[in-house]
Amino acid sequence: MTNLEQATIAKAQYDARWQRIMDCVALKQPDRMPTIFYATFWLAKYGGITYKELMYDYEKSLEISKKAVLEFEPDAASNLVARTAMGRSMEAIGLKTLKWPGHGVGEHQPYQYIDREYMKSEEYEEFLFDPSDYCLRKFLPQVAEAFEGFAHLPALPTLSGLRAINIRAFAKPEVRASLLQLMAAAEEVEQMAGYGAKFANDICALGYPLITDTFAGNPYDTIADYWRGGISTMKDLFRHKEKLMASVDKVGGYMRDQMIATAKASGNPIVMITTHWHADAFMSPKQFEMFYWPPFKKQLMAFIDAGLIPMVLWEHDCTKRMETIADVPAGKCIYWFERTENIPKAQKIMGDTVAFRGGVEASTMVTGKPEDVDLAVKSIVEKVWAKGGNLMLDCGIGIPDETPVENVRAMFDAARKYAG
Amino acid sequence: MKTFIEEINAYEPDVVALSGFLTLAFDSMKETIEAFDKEGMRSKFKIMIGGGQIDEAVRTYTSADAFGINAVEAVNLCKIWLGVKS
């Protein structure tokens with residue numbers, strides 16, 4: 001076969017796979033149930049290397065990721081390289097908010113998020129007064145070494161004075177050191193992004209689309225994950241209601257435009273949005289409807305109005321949220337539920353509104369045998385796909401790290417066995 | 001595991017709860033409960049496991065007595081086991 005013939009076939013396969021995803025989004029069942037491949041540290045298990053190697057060795061990460069896509073033949077894949085090979089970049093930045101393999105945890109252990117109050121409750125006012133200045137001089141110096149010197153800068157708006165002599169602060173050794181470290185770190189991030197782009201281009205040339213190229217946060221979780229910490233934000237739901245709501249609104253505003261621009265530049269309309277602190281166990285339905293959902297829905301609507309397709313990963317159990325989150329325009333969103341049991345429930349409530357992603361519990365993948373995985377796929381096909389649901393098969397949050405390889409094969413085989 | 005066993009011997013609790021938020025915890029929960037068996041202490045208390053990734057399949061895998069996915073479920077399990085009326 002000539003290169004041209006191969007390219008023509010790959011292009012046709014790419015188009016067919018992407019069309020299945022788009023059909024699901026548009027609530028038209030395609031010829032078969034699409035499958036999505038997403039994994040992080042499971043790739044290390046699959047490739048026979050340590051988690052640390054996967055994070056630090058760009059070439060190995062690229063090679064293993066491509067091998068996995070070619071073996072499992074999904075209808076779309078996440079950017080497996082961009083989501084894993086971040087070790088060198090995070091080390092170059094001197095990130096303090098995470099522990100990762102070989103950097104705070106063992107070489108065979110996954111990330112550990114460190115939940116802390118990076119912004120104190122009494123600093124809400126400063127943040128609300130000027131988020132950019134607060135971020136650069138107070139927040140970033142706490143969360144990454146590369147920014148520590150910026151704590152020595154004057155308030156940013158004062159740099160605009162007539163004689164501009166406030167730039168003197170940039171001569172301070174701490175500020176110089178930060179600038180140099182940042183430039184070096186940015187070059188490392190460029191390298192990582194280059195490998196991510198190579199993965200995307202390579203699998204595209206082989207006939208496989210990326211499911212998304214843009215990852216976005218959401219307003220409430222941005223405050224909880226990065227600024228106040230999850231536990232402190234839960235207390236703020238009672239102690240600092242107004243300031244929390246004002247901050248969530250502020251964050252939502254600056255994130256929306258940036259994410260829309262990023263997604264449009266990527267050429268892929270699907271925007272992945274994770275959710276963390278909304279769960280039934282973390283806030284009441286009333287709190288969800290007051291603090292979480294209105295700014296999040298505003299964000300979803302802005303994405304939809306911009307011609308983008310929000311793909312929300314609803315983590316944890318969402319049973320009590322179903323009616324609320326169903327309130328989005330039909331045929332515009334993908335809802336990815338971590339808990340498989342949520343999908344049949346959601347199918348009844350919003351099956352005519354959103355497409356679904358997910359379907360196999362992490363517990364089945366990790367503790368079950370291939371026949372258990374086969375049964376799990378059969379079950380979700382019967383409960384959702386066979387009833388007209390527009391489901392894209394995946395696990396709760398991609399392939400769990402500890403999953404035996406034969407269980408992953410069983411999952412993808414079962415998709416074809418039971419749903420086209 | 002050694003710490004678990006020492007603390008259980010020191011406090012003699014009615015309930016031992018193991019929390020795990022990552023799939024990484026499945027095996028360590030299983031190994032911890034197996035260690036209780038080996039120490040001959042398994043029948044002296046109830047074991048619950050919990051966390052966002054936990055379900056009946058993990059309970060079976062680890063041989064825990066029950067599971068919950070949030071703090072309220074954990075409290076309710078304790079009430080049932082200790083005969084506390086709501």
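Two strands count as paired if DSSP finds at least two bridges between them, and the strands themselves are DSSP runs of E, at least two residues long, just as helices are runs of H or I, at least four long, everything numbered from the N terminus. With that in hand, here's an example: Ile334(A) has Ala355(A) in S10(A) as its bridge partner.

Quick housekeeping. This is a predicted model, where local features need pLDDT of at least 70 and side-chain atom pairs count only at pLDDT 80 or more, while totals for chains, interfaces and linings use all residues. Residues are numbered from 1 along each chain as its sequence is written, chains are lettered from A and ligands numbered from 1 in the order in which they are written, and side-chain values use heavy atoms, with hydrogens and water left out.

OK, the sheet. It's open, six strands, in the order S6-S7-S8-S9-S10-S11 of chain A, with parallel pairing. At the edges sit S6 (214–216) and S11 (391–395) of chain A, each pairing on one side only. From one strand to the next, the twist averages 25°; angles here run from 0 to 180 degrees between N-to-C directions, with axes fitted to C-alpha atoms, for helices over the stretch in contact.

Let's walk across part of it. S8(A) and S9(A) are parallel and share four bridges, and Trp314(A) stands opposite Phe337(A) in S9(A). Next, S9 (residues 334–337) is joined to S10 (residues 355–360), both of chain A, by three bridges. Then S10(A) and S11(A) run parallel with five bridges, where Gly359(A) faces Asp394(A) in S11(A).

Which way do the side chains go? In a regular strand they alternate between the two faces of the sheet. On S9(A), Ile334(A) and Trp336(A) point one way, Tyr335(A) and Phe337(A) the other, and all are buried, meaning under 20% relative accessible area, against over 50% for exposed and partly exposed in between, using a 1.4 Å probe and protein chains only. On S11(A), Leu391(A), Leu393(A) and Cys395(A) go one way and Met392(A) and Asp394(A) the other. Five of the five residues in S11(A) are buried.

Now the core: buried Ala, Val, Leu, Ile, Met, Phe, Trp, Tyr and Cys residues joined through side-chain atoms within 4.5 Å. The largest one has 112 residues, and Phe37(A), Tyr335(A) and Phe337(A) touch the most other members. Helix H12 (residues 285–305) of chain A gives the largest share, eight residues. Phe37(A) has contacts, meaning heavy atoms within 4.5 Å, including Trp42(A), Phe72(A), Ile399(A) and Phe412(A).

So what's Arg321(A) up to? Arg321(A) sits in the loop between S8 (309–314) and H13 (322–325) of chain A. Buried or exposed? Arg321(A) is buried, at a relative accessible area of 1%. Leaving aside neighbours within four places in sequence, Arg321(A) is in contact with residues including His278(A), Asp280(A) and Phe288(A).

Last, two helices. H16 (residues 370–383) and H17 (residues 405–418) of chain A pack at about 35°, axes 8 Å apart. Residues meeting there include Val373(A), Val377(A) and Val381(A) from H16(A), and Ala410(A), Met411(A) and Ala414(A) from H17(A). By class, the contact has nine nonpolar, one polar and four charged residues. For that count, Ala, Val, Leu, Ile, Met, Phe, Trp, Tyr, Cys and Pro are nonpolar, Asp, Glu, Lys and Arg charged, and the others, Gly among them, polar.
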